[in-house]
Amino acid sequence: MKEHVERVYDEAYDFIDQALQQIRSVECTEEADDEIKEKRQRTEIALQAARDILENMIIPGKKLTFIYENGSVVVEIPGK
């Protein structure tokens, strides 16, 4: 079971990292409409947060705040 979880973790991390690289490579020009710019920004924040959550120990009672250039994400795991 441990090996299966490790493999899934690695696959998920790699997928998120590749998607993050792809969204960061998208150039939003001045002409791009606001909806596209917002989707790009939300996607980048969501992927970065997902990667950061995978990288950090999440235990009951812990609260993590991830601060990014375009916003922040707070993750709070309720205590038991």
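Me: In what order do the elements of the chain run from the N terminus on?
Reply: In this predicted model, the order from the N terminus is α-α-β-β. That gives two helices and two strands in the chain.

Me: Is the chain compact or spread out?
Reply: The chain is more spread out than a compact globule, because its radius of gyration is 15 Å, well over the 12 Å that the globule rule gives for 80 residues. Along the principal axes, the C-alpha atoms fill a box of roughly 50 × 30 × 15 Å.

Me: What percentage of the residues is buried?
Reply: Of the 80 residues in the chain, 21% are buried. The chain exposes about 6,400 Å², and carbon and sulfur atoms supply 52% of that area.

Me: Turning to R51, where is it placed?
Reply: R51 belongs to helix 2, which covers residues 34–55.

Me: And is R51 buried or exposed?
Reply: R51 is buried, because its relative accessible area is 16%, and the cut-off for buried is under 20%.

Me: Which residues is R51 in contact with, leaving aside its neighbours within four places in sequence?
Reply: They are Y13, I16, D17 and L20. With D17, the side chain of R51 also forms a polar contact of 2.6 Å.

Me: On charge, how many positive and negative side chains does the chain have?
Reply: There are 11 positive and 18 negative side chains. The centres of these two sets lie 7 Å apart.

How values were computed:
Residues are numbered from 1 along each chain as its sequence is written. This is a predicted model: local features need pLDDT of at least 70, side-chain atom pairs count only at pLDDT 80 or more; totals for chains, interfaces and linings use all residues. Side-chain values use heavy atoms; hydrogens and water are left out. Helices (H or I, at least four residues) and strands (E, at least two) are DSSP runs, numbered from the N terminus. Buried means under 20% relative accessible area, exposed over 50%, partly exposed in between (1.4 Å probe, protein chains only). A polar contact is a pair of N or O atoms within 3.5 Å; within protein, one must be able to donate a hydrogen and the other to accept it, and residues adjacent in sequence count only if both atoms are side-chain atoms. Contact means heavy atoms within 4.5 Å. The radius of gyration is taken over C-alpha atoms; the globule rule is 2.2 Å times the number of residues to the power 0.38. Accessible areas come from the Shrake-Rupley method with a 1.4 Å probe; for residues, only the protein chains shown count as cover. Lys and Arg count as positive and Asp and Glu as negative; His and the chain ends are not counted. The place of a charge is taken as NZ of Lys, CZ of Arg, CG of Asp or CD of Glu.
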